[in-house]
Amino acid sequence: MHNLSLLGLLAVPLIGSLVIFAMPGGGEDNQARQHTVAKQTALVFSVLTFVYAVVLAFQFKTGPDSSRFQFQGSWVWIRDLGVHFAFGLDGIALVLILMSTLLVPCVVLASWNSFDTVEDAEDAVPSKRSAKAYFGLLLLLEVFMVGVFAATDIFLFYVFFEAMLVPMYFIIGSFGGPRRQYAAVKFFLYSLVGGLLMLASVIGLYVSSGTASFAFSDLVGHVPGGATQKWLFLGFFIAFAIKAPLFPFHTWLPDAGAEAPAGGAALLVGVLDKVGTFGFLRYCLPLFPEASRYFAKTILILSVIGVLYAAFLAMGQRDMKRLVAYTSVAHFGFIGLGIFAFTTQGGTGAVLYMVNHGLATGLLFIVVGFVVARGKSRQIGDYGGTAKVTPRLGGAFLIAGLAALALPGLSTFISEFLTLVGTFVRYKALAIIGTTGIILAALYVLLLYQRTMQGAVLDKVRAFRDLNARETFAIAPLIILIIALGVYPKPITDIINPAVNYTMHDVGKTDPQPQNVAQHSPNGGHK
Amino acid sequence: MSALSGVLTAAGTDPSTYVHAPSISYVALLPILIVLGGACLGVLVEAVAPRALRYPIQVSLTVLVLLAALIDVISLHNKLTTTVSGAIAIDGVSLFIQGTVLVLAVLSVLLIADRGVEPGSAIVASAAITVGSPADRELASSRRVQTEIYPLALFAVAGMLIFPAANNLLLMFVALEVLSLPLYLMAGLARRRRLLSQEAAIKYFLLGAFASAFFLYGVAMLYGYANSVDLSAIFAAQNSSTQSDTLLWLGFGLLMVGLLFKAGIAPFHSWTPDVYQGSPTPVTTFMAACTKVAAFGAILRVFYVGFSISAWDWRWLIWAAAIASMVVGAVFGLTQTDVKRILAYSSIAHAGFILVGLVALDAQGISSVLFYLAAYGFTTVAAFGLVMLVRDANGEATHLSQWSGLARRSPLFAATFTFLLLALAGIPLTSGFTGKFVVFRAAYHVAGPLVVVGLISSAVAAFFYLRIVVMMFFAEPAEDGPTITIPTLLTYIPILAGVLVTVALGVFPQPLIDLAGKAAKLHG
């Protein structure tokens, strides 16, 4: 079990990051050149990482007899504590890694010129912006993102989970908007509190399972039931719910999402938040099946509340980035529904949603970033008729928006549909209420588009230039994938399905008649 | 003292061996003798060497003596024995503790010796001058320094070497006094804020004297019970003695008061914040790191060698002390506004965590305690070393509000201190996490509720560590705020060593876990 391929996947961005950080920091005249080299290095290494991930994906076996975790490698790290440096991919982790590694080069391209000039004119005290630090941090973040999805040792997962905070914190805190410090601290503290709760559960898991190991495969099925399991579940759940973020743990996201630089926000919402939902699927359900079933209804209700509440808040936003952040909270509600409905459609839909949401929201943040870079303002009211001046930017904005509202034909539709169908099988009322979220999504997205892109052309907007080649390249892969997966999602679902089945099997293992649950709940509803 | 113990043990058993002189293995005692000899030599240097030469001679002598003793301790690892008719045990635990004390003492002495960070020295030249008198004002402006602190430190270290190795309670008492008396003096030697320092010294002395009296009273009771002050004899007597158990429990309780006081465990902790705050910071470092390690070594020995047979009866007492310590440390720490006091409350909480490991009366419990002591010692040395660097015109700026925005002035300092705070909070990849982990794992099966309290109080304590972090990183720096002094080599080495060990024990703790596991043996 010493497959090195995942270590390689971690090593590529790590080397890139180290190379960038190790670059000599020349004087004033050298700075421009140094920036260019840093950018190019970041692009090369992030593309390499993506190519590497794609190669792995082609070697991933999806047949019915394929093993759950592939490319497994495990090395003893701290023998006495039973900690292993252990990696392995199941289908869920693989597609999320593919999505993340694709997003990083897009973000690098999109942020190409962000630090040559001060991006936000509102900022009274422009901080010292170093492209070198930004791109180095991006690649470092990529290392942790890949690690968190690929780890199969819970201790190692926790380490990556917490480590991700650090580069993200600096990306927000040093390169963000005017209230970046506040947003960075809020982000950090929320995540840290969640992380500490999870740490308590990780330790509890270790001692109560009696396996003297942190390996995921050793722990599944060995967690004692009853109150212990519920407490341990809550520790993990709250950490992931904060990360996801699920209502009512979401209040940090609008601040962080709005203040982070556009590229950072795309990764924050596109990838980091997926770690929360990924955690539900990978850790909460298989490790604590009994507690998951016990809390499922509560979580489903919270998810539906989140869908509606965030949608209403999104409609009321004047700040574009805050609006996008709120749409994400709503979308995470759908993912929550799909996961905790405990149906295969729901599970598959949720995973698909994670991938599509990463692409769509990543795209939306990047495009909004383009708009903000031109208009030096995040306020919706400062724009009007933009699409007439810059048709390509307008088109990209429209596609990103339509993807966010899950238009049929785009990839997000399939996932939203699947999660709702999966929920409907068990919880009809919740699914029906959740569906209204789609209508609200159409409202806030189209209103945003109408206000900024349509209508009378403002004077300030006239001077905007359209997307150049670099910017087009940054978003083209995302747009192509959103459309392609909307028409033909089979490659992704083939990879996901076995992993989702394993997960559902883990949850249902101590619950041999899931059908009964399905039959009971409508009966309960008729009473 | 060896003759004394021979007399005492003999008197109770067999008159024919009354004048039996104990055999003494000087090899086993060599580390202790080296340090004691070095201390005496230091006194002579004070008396005869010219003033200009004293500082270099004293510093190099002290460091060399400590290093020589350390090498000797390491070389003893395969010559485990008991000597002086069983009064001193050179076993795994005492060697591990002695080694840890010596390493930490070297680092602390380097901090004490530093003369660059605080112009002159952090140590006052003439502690007996009345504060506020003309002589005192003259002293404040002069750069005069004295060097008597080095032999004092060596005497204290010698006490700390005997303390955890003493299988005889009277010897343990002597060691307690040998280590305490110099510390009382050293606490009063701060160059700045001398009233605070003198107050700390007086408090420490008075309370320490009480604690010693309790200890001695306990020894008397136990002698009445077991007819001996040897721990092994007390152990045996618990099976056979016809004396009332009241004597035993009174004796044990009183003994514990003395020991828990030295280790700074609630409810005998109240001196800690005042003394930590008032003492010169290098001396605080010395106390926080070395004294704690030595005191826990002695507690380990008393528990395991003397009283493990009746563990079931006294364990509630340790539970209570552990819970009190963790809760007091975590909760009261929240309200503190002085960095040194915060670290003091943190040390109280940590003492509670270590006590949790002691509750598991097995080899795993011992090794977890040993590991935790080493891990905590290094982290605390580095933390106090960094505290020394934050200075304004009035010396060290330890008030929390003065730390606002320090990250803006020195990101490296803030990042390093944050890392140490995370280690104290027990975040993974730091030694603090590994330490808590091994301790809680050892105690989980015997003391589940204690572990739960431990985890909760860690979470509470994490809050006040984070407060410092938030203050440094996110508050606006004050106009006339303190600056970060560039550390001199003598400050730099202990800080660097502390940080590196904190990282290493977090990322690759296995070697030290193995060592502590091998060392987890006590000779009766």
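This is a predicted model: local features need pLDDT of at least 70, side-chain atom pairs count only at pLDDT 80 or more; totals for chains, interfaces and linings use all residues.
Chain A contains 22 helices and two strands. Its radius of gyration is 22 Å, close to the 24 Å given by the globule rule for 527 residues, and chain A is therefore as compact as a globular protein of that length. The C-alpha trace of chain A spans about 65 × 55 × 40 Å along its principal axes, and 59% of the 527 residues are buried.

For chain B, 80% of the contacts between residues at least 6 apart in sequence join residues at least 24 apart. The secondary structure of chain B consists of 21 helices and five strands. With a radius of gyration of 22 Å, close to the 24 Å that the globule rule gives for 524 residues, chain B is likewise as compact as a globular protein of that length. The C-alpha atoms of chain B occupy a box of roughly 75 × 55 × 40 Å along the principal axes, and buried residues account for 58% of the 524 residues.

In soluble globular proteins, nonpolar side chains tend to be buried together. The largest nonpolar core in the model comprises 403 residues, of which A:Ile366 and B:Val157 touch the most other members. When residues up to four places away in sequence are not counted, B:Val157 touches B:Val35, B:Leu66, B:Val101, B:Ala105 and B:Cys290.

The contact between the chains involves twelve residues from chain A and 14 residues from chain B. On the side of chain B that touches chain A, two or more residues are given by each of α18 (431-444), α19 (448-474) and α21 (510-519) of chain B. Of these elements, α19(B) gives the most, with five residues. The side of chain B that touches chain A is made up of twelve nonpolar residues, one polar residue and one charged residue.

Two packed helices are described by the angle between their axes and the distance between the axes. Within chain B, helix α7 (residues 169-187) and helix α8 (residues 194-226) pack at an angle of about 175°, and their axes are 9 Å apart. Angles over 145 degrees count as roughly antiparallel, and α7(B) and α8(B) are therefore roughly antiparallel to each other. Residues of α7(B) in this contact include B:Leu169, B:Phe173, B:Leu176 and B:Tyr184, while those of α8(B) include B:Tyr204, B:Phe205, B:Phe215 and B:Leu222. The contact of α7(B) with α8(B) draws on 14 nonpolar, four polar and one charged residue.

Several local backbone features were also identified. The peptide bond from A:Phe247 to A:Pro248 is cis, with omega near 0°, and A:Pro248 is located in the loop between α9 (226-243) and α10 (252-259) of chain A. In chain B, a cis peptide bond with omega of about 5° joins B:Ala266 and B:Pro267; B:Pro267 lies in the loop between α10 and α11 (271-278) of chain B.

Although not a glycine, A:Phe342 has a positive phi of about 55°. A:Phe342 is placed in the loop between α13 (320-340) and α14 (344-375) of chain A and counts as buried because 26 C-beta neighbours lie inside 10 Å. B:Asn227, also not a glycine, has a positive phi of about 65° and is situated in the loop between α8 and α9 (231-240) of chain B. With 18 C-beta neighbours inside 10 Å, B:Asn227 counts as partly exposed.

Methods. Residues are numbered from 1 along each chain as its sequence is written. Chains are lettered from A and ligands numbered from 1 in the order in which they are written. Two residues are in contact if their C-beta atoms, placed from the backbone, lie within 7 Å. Helices (H or I, at least four residues) and strands (E, at least two) are DSSP runs, numbered from the N terminus. Ala, Val, Leu, Ile, Met, Phe, Trp, Tyr, Cys and Pro count as nonpolar, Asp, Glu, Lys and Arg as charged, and the others, Gly among them, as polar. The radius of gyration is taken over C-alpha atoms; the globule rule is 2.2 Å times the number of residues to the power 0.38. A residue is buried if 20 or more other C-beta atoms lie within 10 Å of its own, exposed if 12 or fewer, and partly exposed in between; C-beta atoms are placed from the backbone. A nonpolar core is a set of buried Ala, Val, Leu, Ile, Met, Phe, Trp, Tyr and Cys residues joined through C-beta atoms within 7 Å. Axes are lines fitted to C-alpha atoms, for helices over the stretch in contact, and angles run from 0 to 180 degrees between N-to-C directions. Angles under 35 degrees count as roughly parallel, over 145 as roughly antiparallel, 65 to 115 as roughly perpendicular and the rest as oblique.
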